[in-house]
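Work through the exercises below with the sequence and the model side by side. Try each task before reading its solution.

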Amino acid sequence: NEYTVKNLFSEVGNVVSIRIAKNEEGRAKGFCHVDFDTKEAAEKAVSLAGRDLDGREIRVDMSEPRKPRGEGGFRGRGDGGFRGGRGGGRGGRGGGPPRQSHAP
C-alpha cells in the first residue's frame with residue numbers, strides 16, 4: 001500500500017508522490033512510481049533494491065524524462081507519468097468539432 005511504500009522510500013529522501021499502477025479492476029499490478037524532491041534522493045533510492053517490501057523483494061530503477069513527441073497526436077499528461085490499463089473508447093479526443101451523423 002502507499003503508506004508502506006512511502007515509509008520505505010522516506011529513508012533516502014523526501015517523497016513527493018507515489019503512483020501505484022492498477023489494473024481495470026482497481027487491483028495493484030505490482031509496481032509503482034515514486035517521485036522525490038531531489039535527484040540525489042532518487043539516486044539513493046536505487047540502493048534500496050533487493051529490500052523486502054510486504055514479503056516481496058523490490059527492484060528499483062531510475063526513470064528518464066520523456067522526450068518530446070513531434071507535432072500532432074495525443075500528448076498525454078506531459079509530466080512523464082505512466083500509461084496503461086485505462087481501456088475504454090477514444091471518443092472526443094480528436095480536438096476538432098464533434099462529428100455530425102447524417103441519416104440516409
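## Exercise 1: Placing alanine 28

Setting aside residues within four places in sequence, alanine 28 is in contact with Ile20, Ala21 and Lys22. The model is a predicted one.

Task: Which strand holds alanine 28, and is alanine 28 buried or exposed?

Solution. 
- Step 1. Locate the residue. Alanine 28 lies in strand β2.
- Step 2. Find its partner. Lysine 22 is the residue opposite alanine 28 in β2.
- Step 3. Check the accessibility. The cut-off for exposed is over 50% relative accessible area. Alanine 28 has 56%, so alanine 28 is exposed.
- Step 4. Asparagine 1 is 27 residues away along the chain, yet the two C-alpha atoms are separated by 8.8 Å.

## Exercise 2: The hairpin

Task: In what sense do β1 and β2 pair, and over how many bridges? Which turn residue has a positive phi?

Solution. 
- Step 1. Read the pairing. β1 and β2 run antiparallel and share six bridges.
- Step 2. Pick out a facing pair. Arginine 19 sits opposite histidine 33 of β2.
- Step 3. Count the link. Five residues lie between the two strands of this hairpin.
- Step 4. Inspect the turn. Glycine 26 has a positive phi of about 85 degrees.

## Exercise 3: One face of a helix

Task: Which residues of helix α1 are buried, and why do they line one face?

Solution. 
- Step 1. List them. Within α1 (residues 2-9), the buried residues are Thr4, Val5, Leu8 and Phe9.
- Step 2. Look down the axis. The buried residues of α1 fall within an arc of 120 degrees, so they line one face of the helix.
- Step 3. Recall the helix repeat. An α-helix has 3.6 residues a turn, so residues three or four places apart point the same way.
- Step 4. Identify the cover. It includes β1 (15-22), β2 (28-36), α2 (39-45) and β3 (52-53).
- Step 5. Buried means under 20% relative accessible area. Threonine 4 is at 19%, so threonine 4 counts as buried. Beyond four places in sequence, threonine 4 touches Leu53 and Asp54.
- Step 6. Go to the start of α1. There, a side-chain oxygen of asparagine 1 comes to within 3.1 Å of the backbone nitrogen of tyrosine 3.

## Exercise 4: The nonpolar core

Task: Which members of the largest nonpolar core touch the most other members?

Solution. 
- Step 1. Name them. The core has 14 residues, and those with the most contacts to other members are Leu8, Phe9, Phe36, Ala45, Leu48 and Ile58.
- Step 2. Trace the sources. α1, β1 and α2 each give two or more residues to this core.

## Exercise 5: The whole chain

Task: What pattern do the helices and strands follow along the sequence?

Solution. 
- Step 1. Count the elements. The protein has two helices and four strands.
- Step 2. The pattern is α-β-β-α-β-β.
- Step 3. Of 104 residues, 16% count as buried.
- Step 4. The accessible surface is about 8,800 Å², with 47% belonging to carbon and sulfur atoms.

Key: Residues are numbered from 1 along each chain as its sequence is written. This is a predicted model: local features need pLDDT of at least 70, side-chain atom pairs count only at pLDDT 80 or more; totals for chains, interfaces and linings use all residues. Side-chain values use heavy atoms; hydrogens and water are left out. Buried means under 20% relative accessible area, exposed over 50%, partly exposed in between (1.4 Å probe, protein chains only). The arc is that of the directions from the helix axis to the C-beta atoms. Contact means heavy atoms within 4.5 Å. A polar contact is a pair of N or O atoms within 3.5 Å; within protein, one must be able to donate a hydrogen and the other to accept it, and residues adjacent in sequence count only if both atoms are side-chain atoms. Accessible areas come from the Shrake-Rupley method with a 1.4 Å probe; for residues, only the protein chains shown count as cover. Two strands pair if DSSP finds at least two bridges between them. A nonpolar core is a set of buried Ala, Val, Leu, Ile, Met, Phe, Trp, Tyr and Cys residues joined through side-chain atoms within 4.5 Å.
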